[in-house]
Amino acid sequence: MSIRNKQPVLGILGGGQLARMLAIAAAPLGVRTLVVDSAADACAGQVASLRLADWTDFAALEKFAAEVDVVTFDFENVPADTAHWLAEHVAVFPNPRALAVAQDRLAEKTLFRECGLQTPAFEAVDTREDLERALAKIGAPSILKTRRLGYDGKGQFRIKQLSDADAAWETLGANAHGLILEAFVPFERELSVLAVRTRHGDFRVWPLTQNWHTDGVLSMSLAPAPEVGGLQARAAALARTLADHLDYVGVFALELFVKDGELLGNEMAPRVHNSGHWTIEGAIASQFENHVRAVLGLPLGDTSARGCSAMFNWIGELPDATPVLNGVDSHWHDYGKQPRPGRKVGHATVCAQDTKTLAARVDEIARALQREEQAAPALKVL
Ligand code: AMP
């Protein structure tokens, strides 16, 4: 597709902050964005055209498909039927098969192993007896998770000791889509690799990101992750194998644990990802720009870091913007969402040319915002 001849329209299923940041990145490329969401206040609607519809409203989807050149996702849990139906009417990237694998923790971890990426020990659990059998193999501590529709630590129960099995089953056993029991990994660190692949198979990765979570939700990211040695090349090779296997087009994130210096696959997000938000200011081409480029068949931009970056996630409500706005090379992102406990409402990225300067800038902002606890783990490794 040539962006000179016609102004392409990018369709996005889901109108959250990821769609919003995709729309912002699409604009300089001359790409217009049309978002579908069932909520009238979907925050992408503040910067893109918004169509109100449910995922199963095929009459509305037909109209949408006729108006866009390409469809992509801000939300991976779009029903498989919707993704398949759309793929018959318009170009859909990533393809519905890749989406389906990433929607199911069991299929995802099975594929990781097939592609040479080790994972925590896991067992499928459909019945209370399965849970007993799985616990006999995996033991405690372990985590019982829903196979589908879990994100940000939702749909999970931590089994600290074997006697927690009843409580875990009571909480999650009624889930219609099945469960998975995973060994709890006492990891040394959490990393993610953001990768992008084009329709022609061109492939790039950004430098590895180190992440810290609170209650299963991303709290801080640091990039490039310090002292990764050979893990960068290993993560890039694994991401490429997975992407080629799925004929994946667009950006995806692979969330990884490091245990005994080795990578273990936790999950794959078939979309732009929170741990890649630093790329907006911290990389030559951001994850959002490269996703738009990839799905529209345009050449990829450079994924090199400009220096080093730290990202604070704002969960529940936004803090005072002033210290970030006053900071050097510090960048404020307000998603335009109503505050609500546990909701991602914004982030800030702090950049510098070297880690010492970055640490000083992060420390200053964290102190001004009384977010020392949030910044502490990142400051420890800077
Ligand atoms: P998830 O929704 O599976 O990405 O889980 C959210 C967070 O919970 C992860 O980023 C980890 O910090 C933690 N977590 C999930 N699974 C495990 C595991 N098997 N072992 C240790 N921590 C885990």
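**Notebook entries**

I began with Pro-224, which I found in the loop between strand S13 (217-223) and helix H8 (231-246). Helices (H or I, at least four residues) and strands (E, at least two) are DSSP runs, numbered from the N terminus. The peptide bond from Ala-223 to Pro-224 is cis, and I noted its omega as near -10°.

Before going on, I recorded that this is a predicted model, in which local features need pLDDT of at least 70 and side-chain atom pairs count only at pLDDT 80 or more, while totals for chains, interfaces and linings use all residues. Residues are numbered from 1 along each chain as its sequence is written, and side-chain values use heavy atoms, with hydrogens and water left out.

I then looked up another cis peptide bond, the one that joins Phe-93 and Pro-94, with omega about -5°. Pro-94 sits in the loop between S5 and helix H4 (96-103).

Next I turned to a sheet. Five strands form an open sheet in the order S3-S2-S1-S4-S5, with parallel pairing; two strands pair if DSSP finds at least two bridges between them. Strand S3 (49-52) and strand S5 (91-92) stand at the edges with a single partner strand each, so one side of each has no neighbour in the sheet. I traced strand S2 (residues 32-37) to S3 and found four bridges joining the two, which run parallel. Leu-34 has Ser-49 in S3 as its bridge partner.

I also checked backbone angles. Asp-247, in the loop between H8 and strand S14 (250-259), has a positive phi near 50°, although it is not a glycine. Asp-247 is partly exposed at 42% relative accessibility (buried means under 20% relative accessible area, exposed over 50%, partly exposed in between, with a 1.4 Å probe and protein chains only). Gln-370, likewise not a glycine, has a positive phi near 55°. I located Gln-370 in the loop between helix H12 (355-368) and helix H13 (372-381), and it is exposed, with a relative accessible area of 69%.

Last, I looked up aromatic pairs and found six in the structure. Rings of Phe, Tyr and Trp (its six-membered ring) pair if their centres lie within 6.5 Å; planes under 30 degrees apart count as stacked, over 60 as edge-to-face and the rest as tilted. Trp-55 and Phe-75 form a stacked pair, 6.1 Å centre to centre with 15° between the planes. Trp-55 lies in the loop between S3 and helix H2 (58-67) and Phe-75 in the loop between strand S4 (70-73) and helix H3 (80-87), so the pair ties together parts 20 residues apart in sequence.
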